[in-house]
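This briefing is intended for a reader meeting the structure for the first time. Please keep the sequence and the model in view while reading.

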Amino acid sequence: MIRPPVLLNINALTVRNLNVYDHLISNGSYIQCVRWKRKPIWLPTAKSKIFRVPQRPVIPIEDQCELKRLFNNYRTLMKSLMSFFVEKEEERKKNLDFNIVKMNIEKDFEICSNINNQWNKEIAMIRQERLSQERTYRIQEIHKKLKEKKERDLKMQEIIDANIKKVKEEATTFITSKNIDEAILNALENIIDHNIAIDRDGNFYKDEPKKNESSTTSN
C-alpha cells in the first residue's frame with residue numbers, strides 16, 4: 001500500500017517514512033513494534049525546538065557522589081568482565097595452537113593408556129584367579145572320575161573272574177575231540193526221557209505209556 005503525497009499537504013520525507021512504515025507493517029510477523037509517546041523516532045526535530053537549550057537538572061551533592069560511586073563500580077565490573085573474556089579468548093587461541101593441541105592429545109593418550117593398563121592388570125589378576133580355581137576344580141574332577149573308573153574296572157574284573165571261574169568249572173563237562181567217543185557211548189547208554197509230568201502235589205510221573213503205543217496194542 002502506497003500513500004499519495006497530496007494528502008494533508010505533507011512533505012516528501014514524511015511520505016517516504018510512511019512508505020517504509022507501510023512496508024514494515026506488511027512484514028509485521030518478522031518485526032517488533034515500538035510505541036513512541038509523541039512522534040516517530042525517524043522524524044526530525046521540530047523547528048520550534050532546534051535552538052532550545054535544555055536546562056540541566058540540579059543534582060544534590062550526595063546523590064551525585066552516590067551516582068559516581070555506582071558508575072565507578074559498574075565500570076570496574078565491566079572492565080573485569082571484559083578482561084575475563086579477553087583472557088578466555090587468549091586461552092582458547094592457545095588451546096587451538098597445533099603444538100598445544102598435539103601435546104594435549106599425547107597427554108590425554110598417556111592418561112588413557114595408564115588407566116587402560118591398570119584395568120588390564122586388574123582383569124588379568126581376576127582372570128588368573130578364575131583360571132586357578134577352574135584348574136583346581138578340573139584336577140579334582142579328573143581324580144574323582146579316575147577313582148570311579150578304577151572302582152568300575154575292579155567290579156568288572158570281579159565279574160569277569162567269576163565268569164571265568166565258572167567256565168573253568170564247566171569246562172570239565174565239555175565235549176572235545178579226545179572224549180567225543182566216550183560222550184557218544186554215554187549218550188547211547190543213558191537215554192533221557194523228557195516226557196515228565198507233575199501233579200498239584202509235586203509228584204513226578206515218568207515212563208508212562210504213550211497214547212499211540214496203547215492204541216496200537218489194543219488194535
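Which residues form a nonpolar patch on the surface? The patch consists of Phe 71, Tyr 74, Met 78, Leu 81, Met 82, Phe 84, Phe 85 and Val 86, and together these residues have about 800 Å² of accessible area. The structure is a predicted model, and the protein chain has an average pLDDT of 80. Its secondary structure comprises 5 helices and 2 strands.

**Overall architecture**

- Read from the N terminus, the elements of the protein chain follow the order α-α-α-α-β-β-α.
- The protein chain has 219 residues, of which 1% count as buried.
- When contacts between residues at least 6 apart in sequence are considered, 10% of them join residues at least 24 apart.

**Confidence of the prediction**

- A pLDDT of at least 70 is reached by 77% of the residues in the protein chain.
- Over residues 1–10 the pLDDT stays under 50, and the model has 10 contacts beyond four places in sequence for this segment.
- Where pLDDT is low, the predicted coordinates should not be read in detail.

**The aromatic pair and its surroundings**

- The structure contains 1 aromatic pair.
- This pair is formed by Phe 84 and Phe 85, whose ring centres are 6.0 Å apart.
- The planes of Phe 84 and Phe 85 make an angle of 50°, and the pair is described as tilted.
- Phe 84 is located in helix H2, which covers residues 61–95.
- Phe 84 has a relative accessible area of 43% and is therefore partly exposed.
- Phe 85 is likewise partly exposed, at 47% relative accessibility.
- Both Phe 84 and Phe 85 belong to the nonpolar surface patch, which also includes Tyr 74 and Val 86.

**Salt bridges**

- Side chains of opposite charge can pair when their charged atoms come close.
- The structure holds 5 salt bridges; those described below include one in helix H2 and one between Arg 130 and Glu 134.
- Glu 91 and Lys 88 form a salt bridge in which the closest N and O atoms are 3.9 Å apart. These residues are separated by about one helical turn, because they are 3 residues apart in helix H2.
- Glu 91 is partly exposed at 39% relative accessibility, and Lys 88 is partly exposed at 42%.
- Arg 130 is joined to Glu 134 by a salt bridge, with 3.3 Å between the closest N and O atoms. Helix H3 spans residues 98–170, and Arg 130 and Glu 134 are 4 residues apart within it, so about one helical turn separates them.
- The relative accessibility of Arg 130 is 40%, which places this residue among those counted as partly exposed. Glu 134 is also partly exposed, with a relative accessible area of 42%.
- Asp 153 and Lys 149 meet through their side chains in a salt bridge of 3.1 Å, N to O. Both residues lie in helix H3, where they are 4 residues apart, about one turn of the helix.
- Asp 153 counts as partly exposed at 40% relative accessibility, as does Lys 149 with a relative accessible area of 42%.

- Asn 195 lies in the loop between helix H4 (180–189) and strand S1 (197–198).
- At 47% relative accessibility, Asn 195 is counted as partly exposed.
- Asn 195 and Lys 206 are 11 residues apart along the chain, and 6.9 Å separates their C-alpha atoms.

Note on methods. Residues numbered from 1 in each chain as written. Heavy atoms only, no water. Buried < 20%, exposed > 50% of the residue type's maximum accessible area, 1.4 Å probe, protein only. Contact = heavy atoms within 4.5 Å. Phe/Tyr/Trp six-rings, centres within 6.5 Å; stacked < 30°, edge-to-face > 60°. Patch = residues over 30% accessible without salt bridge, like charges linked within 9 Å, V, L, I, M, F, W, Y side chains within 5 Å. Areas by Shrake-Rupley, 256 points an atom, 1.4 Å probe, with all protein chains shown as cover. Salt bridge = Lys/Arg side-chain N within 4 Å of Asp/Glu carboxyl O. pLDDT = per-residue confidence, 0-100.
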